[in-house]
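Below are my notes as numbered points, with the cut-offs given where each term comes up.

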Amino acid sequence: MSIEPEDVTMDSRNLLELASAISSGAVRVVDLTFTLTPDFPVIVLPPEFGQAAPVRIQEISRYDGRGPAWYWNNLTFGEHTGTHFDAPIHWYTGKNLPNNAVDTMPARDMVASACVIDCSAQAAQDADFLLTIPHVEAWEMRHGRIPARHWVLLRTDWSKKGWRDYANLGEDGAHTPGPDAAVMKWLVEERGIIGFGTETIGTDAGQAGHLDPPYPAHHFLHGAGRYGLQCLCNLDQLPATGAVIVAAPLKIQNGSGSPLRVIALVSSA
Amino acid sequence: MIDPIQPPRRKNPLLRTRLPTSPPKPRSRTSHGFTRAAAEGRFMLQRCDACATFCYPAREACPSCLSSSLAFTDAPRRGTLLAETTARVPSDLYFRERAPWRVGLVKMDCGPLIVAHLHADCKEDAAVHMSFQLDKGGQAVAFARPDEETPNMADDRQWREMTADPKFRRVLVTNGRSVVGQETVAALRAAGAKTVFVGVAEPWRPFAGERQLSGQEGIEIVPLDAADEKSVTDLAADIGGKVDILVNTTEYVRAGGLLDRKGTSIARDEIDQAYLGFINLAQAFGPAMRMRGADGVNNCAAWVNILSVYALANWPAFGAYSASQAACLSLSHCLRAELRPGGVKVMNLFTGPTDTEWFQTVPPPKVAPRAVAQAIVAALRNGLEEIYVGDVAEEIRLRLAANPKALERELDR
């Protein structure tokens with residue numbers, strides 16, 4: 001299924017209305033981003049693999065002898081730290097696609113509507129909760145079919161946890177909720193979603209390495225040129241449908257992803 | 001017999017913290033032979049190669065036969081205290097503040113007479129055990145202790161000036177995630193440290209031994225990621241004024257050299273953890289430590305680094321790691337110079353491969369983490385500066401001194 005936009009036009013007055021609605025508060029802007037800090041959990045890989053550089057913030061000056069009137073920092077971090085974006089080139093399945101990196105992806109893909117599937121109750125019961133096609137079909141019974149070019153955001157309230165529970169590492173790896181393989185293939189191929197977003201570290205479940213294929217969200221999303229968002233917060237402030245997500249990653253040359261500010265526009269009506 | 005020292009009371013906030021002063025420093029280049037001996041805990045005197053006469057103090061020619069061949073040699077430590085005196089109003093500021101101060105004249109069994117600082121239990125005409133100690137100015141001085149153990153021996157006021165005994169002191173162990181770190185915590189508590197603060201980075205990541213650390217009296221787990229500037233400065237803001245001894249147990253070991261690694265990200269992590277972490281700790285904790293060098297019974301006394309002995313000579317199998325350790329070694333000398341005005345010792349503990357996970361494929365002998373911890377406590381109690389733990393470290397030291405080129409070739413295997 002194509003995710004090309006339909007051929008439509010829009011009066012510039014509508015855009016001005018949007019701006020004034022944001023200004024007046026008729027449209028709320030919800031920040032879905034965690035603060036980028038050095039101590040935010042990152043993905044844990046076996047230590048013999050290359051590791052994401054953690055976030056480091058080093059002062060250049062702070063109104064002191066190093067720069068009397070100004071404060072600024074040097075930053076280092078891996079592309080996949082904090083609230084971050086995954087581009088198709090991140091996974092081997094998307095490595096040969098055109099425009100598959102954060103610097104070459106179409107700018108229009110950075111703004112899209114979202115369907116929010118609330119699985120917070122299930123995730124509270126089961127840290128290894130997996131989203132399946134029947135869950136989504138049940139959601140569609142209530143809210144309608146997921147339209148093409150929409151984000152699907154998995155709400156689990158995982159972002160409200162303390163960081164140890166958030167990472168939830170056991171001796172057999174992380175235990176965090178995510179999608180199963182069939183639902184990812186189905187969302188990409190049958191619903192044409194633009195991307196999949198989670199509150200957890202990674203678009204995939206903590207134990208997704210044991211699914212078939214391993215890491216199905218990465219596998220199917222990026223193989224079809226779609227995107228991932230993870231470490232989101234405040235999903236509980238979004239309606240099931242109708243929110244508009246603005247997710248513009250840093251324009252890193254051939255970048256596989258980046259920390260970014262994710263905001264949602266939500267009608268307050 | 002001396003009275004045991006009492007646990008220090010809380011500070012009186014109305015009183016100014018006394019600033020450290022230093023004993024006289026000038027030494028001849030030759031007499032730094034004693035500095036080396038003191039740093040390593042050895043007792044060395046010059047001995048004439050021609051007539052075998054031991055002599056003291058340091059000189060350029062043998063007092064017996066005028067030979068100029070006077071090498072520093074390990075010497076017997078026993079002597080007899082001939083006479084003692086107590087300086088009540090010394091002119092030197094450091095000693096005036098610490099008066100009365102006892103010194104004595106010791107006749108060594110091996111010959112020379114030595115003026116030495118005295119342990120309170122040393123008696124005239126009795127046997128003494130001699131050592132060279134590093135004083136608060138970092139210079140070697142002769143110190144006489146009773147030849148036999150006496151009650152509360154380590155609590156002697158003058159001896160404690162020369163050492164960094166953990167008893168009643170508060171210690172920061174920077175990394176409690178490692179086995180070496182955990183053994184160090186246990187050893188310091190057993191040695192009488194009042195509080196051991198244990199740094200734990202990324203507390204969301206579980207680690208082996210975590211349960212044993214938590215909930216124990218005298219052990220406080222604190223958030224500390226040495227490589228993160230803010231984490232270090234935040235912790236220093238809380239406890240910087242309470243760290244009397246800092247033990248840097250940062251551990252980041254990865255195999256590999258240059259050509260068989262791809263890119264710089266592992267090397268970057270090595271530098272980030274070991275070298276930049278060291279800088280962060282020094283900048284955050286160093287100034288307060290230097291300022292508290294004379295702050296009562298639990299004055300700030302020492303900074304301990306655990307370094308790989310391959311900081312001295314690169315081991316290509318762990319080549320990039322060796323280089324990161326060499327960088328830390330160099331930095332430690334800078335820190336030593338900068339902490340000296342505070343009388344705070346910088347101790348470097350050199351180990352061969354430890355019996356830990358990242359050296360799994362390295363054949364024995366390997367150093368047990370507990371041996372490292374015990375060596376730290378011993379070094380603090382004796383006021384050492386250079387400590388070689390285990391056979392590998394000792395062997396590398398000797399081979400480096402004998403022929404650095406041979407060592408370089410032989411490590412290349």
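1. Gly195(A) stands opposite Tyr227(A), a residue of strand E12 of chain A. The two strands involved are E11 (residues 195–198) and E12, which run parallel and are joined by 3 bridges. Here strands (E, at least two residues) and helices (H or I, at least four) are DSSP runs numbered from the N terminus, and two strands pair if DSSP finds at least two bridges between them. This is a predicted model, in which local features need pLDDT of at least 70 and side-chain atom pairs count only at pLDDT 80 or more, while totals for chains, interfaces and linings use all residues. Residues are numbered from 1 along each chain as its sequence is written, with chains lettered from A and ligands numbered from 1 in the order in which they are written.

2. E12(A) has another partner: strand E4 (residues 84–86) of chain A pairs with E12(A) in the antiparallel sense over 3 bridges. Within that pairing, Leu229(A) is the bridge partner of Phe85(A). Is E12(A) covered on one face or on both? Both: Tyr227(A) and Leu229(A) are buried on one side, and Gly228(A) and Gln230(A) are buried on the other. A residue is buried if 20 or more other C-beta atoms lie within 10 Å of its own, exposed if 12 or fewer, and partly exposed in between, with C-beta atoms placed from the backbone.

3. Chain A as a whole has 6 helices and 15 strands. Its radius of gyration is 19 Å, close to the 18 Å that the globule rule gives for 269 residues, so chain A is as compact as a globular protein of that length. (The radius is taken over C-alpha atoms, and the rule is 2.2 Å times the number of residues to the power 0.38.) The C-alpha trace spans about 65 × 55 × 40 Å along its principal axes. Buried residues come to 40% of the 269 in chain A. Of the chain A contacts with a separation of 6 or more, 73% are between residues 24 or more positions apart; a contact means C-beta atoms, placed from the backbone, within 7 Å.

4. Chain B is divided into domain 1 (32–162) and domain 2 (170–411), with bounds from an automatic or database domain assignment. Their centres, taken over C-alpha atoms, are 31 Å apart. Each domain of chain B brings 10 residues to the contact. On the domain 1 side, H1 and E7 of chain B each supply at least two residues.

5. Chain B also contains a closed barrel of 5 strands, E4-E5-E6-E8-E7, with mixed pairing. The twist from one strand to the next averages 45°. Strands E6 (residues 113–118) and E8 (residues 140–146) of chain B pair in the parallel sense over 2 bridges, and His117(B) stands opposite Phe143(B) in E8(B). Helix H1 (residues 32–40) of chain B lies across E7 (127–134) and E8, at about 100° to E7(B). (Axes are lines fitted to C-alpha atoms, for helices over the stretch in contact, and angles run from 0 to 180 degrees between N-to-C directions.)

6. Which residues touch the most other members of the largest nonpolar core? They are Leu246(B), Leu349(B) and Ile376(B), in a core of 101 residues. Such a core is a set of buried Ala, Val, Leu, Ile, Met, Phe, Trp, Tyr and Cys residues joined through C-beta atoms within 7 Å. Helix H7 (residues 265–291) of chain B gives the most, with 8 residues. Domains 1 and 2 of chain B both give residues to this core, so it lies between them. A second, separate core of 59 residues includes Ala112(A), Ala114(A), Leu221(A) and Val262(A).

7. Asp74(B) counts as exposed because it has 11 C-beta neighbours inside 10 Å. Leaving out residues up to four places away in sequence, Asp74(B) touches Arg42(B), Phe43(B) and Met44(B).

Methods
Contact = placed C-beta atoms within 7 Å.
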